[in-house]
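Morning, everyone. Please look at the model on the screen while I talk.

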Amino acid sequence: MLTQYRVHLQTLVLLISLVHLSRPVCVDVQSDTEAIVGQPKKLTCISCMRREEVKASTFVKWYYTPKEFADKNQTKKYLIYMYQGNNQTEMFEPFKDRLNWNGSQDLQEVSIEIRKVTYNDSGFYECQIRREFGFGFYTPSFVTEKNFTLAVREKASNDTTAIYSEIMMYVLLVFLTFWLLVEMVYCYRKISKSDEQAQDTATNYLAIPSEQKDNPAAPVTE
């Protein structure tokens, strides 16, 4: 009964460890650079924090440079969106009432979304993230910038590379999930076998006469 309880306890610990390892992981990916006119478009901006347990205040600014200035390598940019705490503000008039906040709860993703794309939305976008970390009296701040050029088209182009990449991503996820299950079953069987061997050893020891336990060199009596 005790052995069975130990097996269940060890299996529970293994499952908890598996769930802990499979928690969501932040992946720093670039934003898609193509939008379809008349459709919503997510402008992706991700800045992963290496130490999630450290508390940080996050401030986000989104800038936009129109296509005619970006093509001429001019740095005339407009502040179109600002996030400070729980306050979100749309700053630039052409984007007024057209932007939605699309960030994550932990603020590792600070993306925004254009509700309905127009041809005038083509251009250069810049996402600026400033984090202030609290260490008592010392509050260092770090600034991260992400940028990309957005092209607005009438209809989507056929990008076979993106399709193959998505297929390979799902294949990899399935393979890793199957591998984790195999490892879990293998560990469970190994633990069960070890406990069975320990139980057999204990049973054989209890079957030995008491006088032989006290004197191992004594001959075994029939």
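This is a predicted model: local features need pLDDT of at least 70, side-chain atom pairs count only at pLDDT 80 or more; totals for chains, interfaces and linings use all residues.

Residues are numbered from 1 along each chain as its sequence is written, and side-chain values use heavy atoms, with hydrogens and water left out.

Strand β4 covers residues 78-84, and strand β5 covers residues 87-90. A strand here is a DSSP run of E, at least two residues, and a helix is a run of H or I, at least four, numbered from the N terminus. β4 and β5 pair in the antiparallel sense over 4 bridges. Pairing requires at least two DSSP bridges between the strands. Y81 stands opposite E90 in β5. The hairpin has 2 residues between its strands. G85 sits in that turn, with a positive phi of about 65 degrees.

Next, the sheet. Three strands make an open sheet in the order β2-β7-β6, with antiparallel pairing. β2 (41-43) and β6 stand at the edges with a single partner strand each, so one side of each has no neighbour in the sheet. On average, neighbouring strands of this sheet are turned by 30 degrees against each other, direction ignored. Within the sheet, β6 and β7 pair over 3 bridges. L99 stands opposite I114 in β7.

Now the two loop residues. Most residues other than glycine have a negative phi. D97 has a positive phi, near 60 degrees. D97 is in the loop between β5 and β6 (99-101). L107 also has a positive phi, near 60 degrees. L107 lies in the loop between β6 and β7 (112-114).

Which of these is buried or exposed? D97 is exposed, at 58% relative accessible area. L107 is buried, at 14%. The cut-offs are under 20% for buried and over 50% for exposed, with partly exposed in between, using a 1.4 Å probe and protein chains only.

Last, the surface. L172, F175, L176, W179 and L180 make a nonpolar surface patch of about 480 Å². Patch residues have over 30% relative accessible area and no salt bridge, and nonpolar side chains are joined within 5 Å. A salt bridge means a Lys or Arg side-chain nitrogen within 4 Å of an Asp or Glu carboxyl oxygen. L180 lies in helix α3 (residues 160-207). L180 is partly exposed, at 32% relative accessible area.

Terms used: Patches are made of residues with over 30% relative accessible area and no salt bridge: like charges are joined within 9 Å, nonpolar side chains (Val, Leu, Ile, Met, Phe, Trp, Tyr) within 5 Å. Accessible areas come from the Shrake-Rupley method with a 1.4 Å probe; for residues, only the protein chains shown count as cover. Axes are lines fitted to C-alpha atoms, for helices over the stretch in contact, and angles run from 0 to 180 degrees between N-to-C directions.
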